[in-house]
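Subject: The structure for you to look at

Hi,

Here is the structure I said I would pass on. Have a look at it first, then read my notes below.

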Amino acid sequence: MKALIKKYSHAWVLIYFIFYMTWFTWLEHVVTTKYTVIHLTLDDYIPFCEIFVIPYFLWFAYIFLAVAYFFFKDRSEFYRITAFLFIGMTICLITYTIWPNGHDLRPNLDTLGRSNIFTKIMGWLYSTDTCTNVCPSIHAFNSIGACIAIYRSRHLKEKHILRIGTLVLTILICMSTVFLKQHSIFDVACACLLSLIMYVIVYVPDYRLARRRARSTGTI
């Protein structure tokens with residue numbers, strides 16, 4: 001038992017989810033009417049497409065499996081992906097707190113003119129998930145973060161099909177947020193910008209350190 005606890009002692013990082021869910025749930029109850037409406041003209045040209053509910057909900061498995069893989073496979077890579085995700089998610093929460101935001105993009109599903117399993121799922125999602133706390137999009141940010149971690153992993157460099165599939169899924173998830181009218185395209189753009197900032201913070205120093213070590217050993 002002691003050996004197992006020592007081996008997985010890095011699990012303490014996952015306590016963050018309690019902190020995150022508490023804060024986010026509080027925001028969902030507080031930010032209800034007074035918020036900045038996020039809207040771009042481009043949003044009006046993006047149609048509602050319920051089939052994107054598939055990649056949208058695949059996000060939950062995608063993020064869970066990415067974090068779980070690195071948790072069991074490589075502690076250092078686990079710390080990098082969680083630093084990327086958790087610091088970025090905290091920045092999102094701070095943004096929602098000091099700049100309450102939301103959108104008015106959701107269609108009236110009753111007058112949509114069609115009904116299927118996907119529109120029913122969207123009806124449930126709209127009833128349980130508010131249209132506030134959207135910019136930057138955590139859905140898009142986490143997807144990009146998981147994709148970066150997989151592409152940066154030394155264990156997955158030869159897993160070409162997995163890497164390509166990850167990239168495609170990440171793009172589809174980001175697209176799903178706007179085609180399901182869960183986010184404005186501005187939210188996704190901000191998530192991309194935040195991802196770039198977090199990449200510089202989390203991965204660039206690590207890359208430079210590796211380069212210095214390689215030079216010192218004469219391998220480059």
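**Salt bridges**

E50 and R114 form a salt bridge, with their closest N and O atoms 2.8 Å apart (a salt bridge here is a side-chain nitrogen of Lys or Arg within 4 Å of a carboxyl oxygen of Asp or Glu). This pair links distant parts of the chain, 64 residues apart: E50 is in the loop between β1 (36-37) and α3, and R114 is in the loop between β2 (101-102) and α5. The helices and strands are DSSP runs numbered from the N terminus, with at least four residues (H or I) for a helix and at least two (E) for a strand.

Before going on, a word on where this comes from: it is a predicted model, so local features need pLDDT of at least 70 and side-chain atom pairs count only at pLDDT 80 or more, while totals for chains, interfaces and linings use all residues. Residues are numbered from 1 along each chain as its sequence is written, and side-chain values use heavy atoms, with hydrogens and water left out.

Back to that pair: are its two residues buried or exposed, or something in between? E50 counts as buried because its relative accessibility is 8%, while R114 is partly exposed at 36%. The cut-offs are under 20% relative accessible area for buried, over 50% for exposed, and partly exposed in between, with a 1.4 Å probe and protein chains only.

The structure holds 3 salt bridges. D74 and R154 make one of them, with the closest N and O atoms 2.5 Å apart. Here D74 sits in the loop between α3 and α4 and R154 in the loop between α6 and α7, 80 residues apart. D74 is buried, with a relative accessible area of 6%. R154 also forms a salt bridge with E77, where the closest N and O atoms are 3.6 Å apart. Put together, D74, E77 and R154 are linked in a network of salt bridges.

E77 is worth a click of its own. At 7% relative accessibility, E77 is buried. Leaving aside neighbours within four places in sequence, E77 is in contact with F70, S153, R154 and H155 (contact means heavy atoms within 4.5 Å).

**The whole chain**

How many helices and strands are there in the protein chain? There are 9 helices and 2 strands, and from the N terminus on they run α-α-β-α-α-β-α-α-α-α-α. Along the principal axes, the C-alpha atoms fill a box of roughly 65 × 35 × 35 Å. Of the 220 residues, 44% are buried. If you take contacts with a separation of 6 or more, 87% of them are between residues 24 or more positions apart.

**Inside**

In soluble globular proteins, nonpolar side chains tend to be buried together. In this model, the largest nonpolar core has 52 residues, and F84, L85 and M122 have the most contacts inside it. Such a core is a set of buried Ala, Val, Leu, Ile, Met, Phe, Trp, Tyr and Cys residues joined through side-chain atoms within 4.5 Å.

With residues up to four places away not counted, S195 touches F84, F141 and I144.

**Backbone details**

Which peptide bond is cis, with omega near 5 degrees? The bond from C135 to P136 is, and P136 is in the loop between α5 and α6. N133 is in that loop between α5 and α6 too. Phi of N133 is near 55 degrees, a positive value in a residue other than glycine, and N133 is buried, with a relative accessible area of 5%. K181, in the loop between α7 and α8, has a positive phi of about 60 degrees although it is not a glycine.

Happy browsing!
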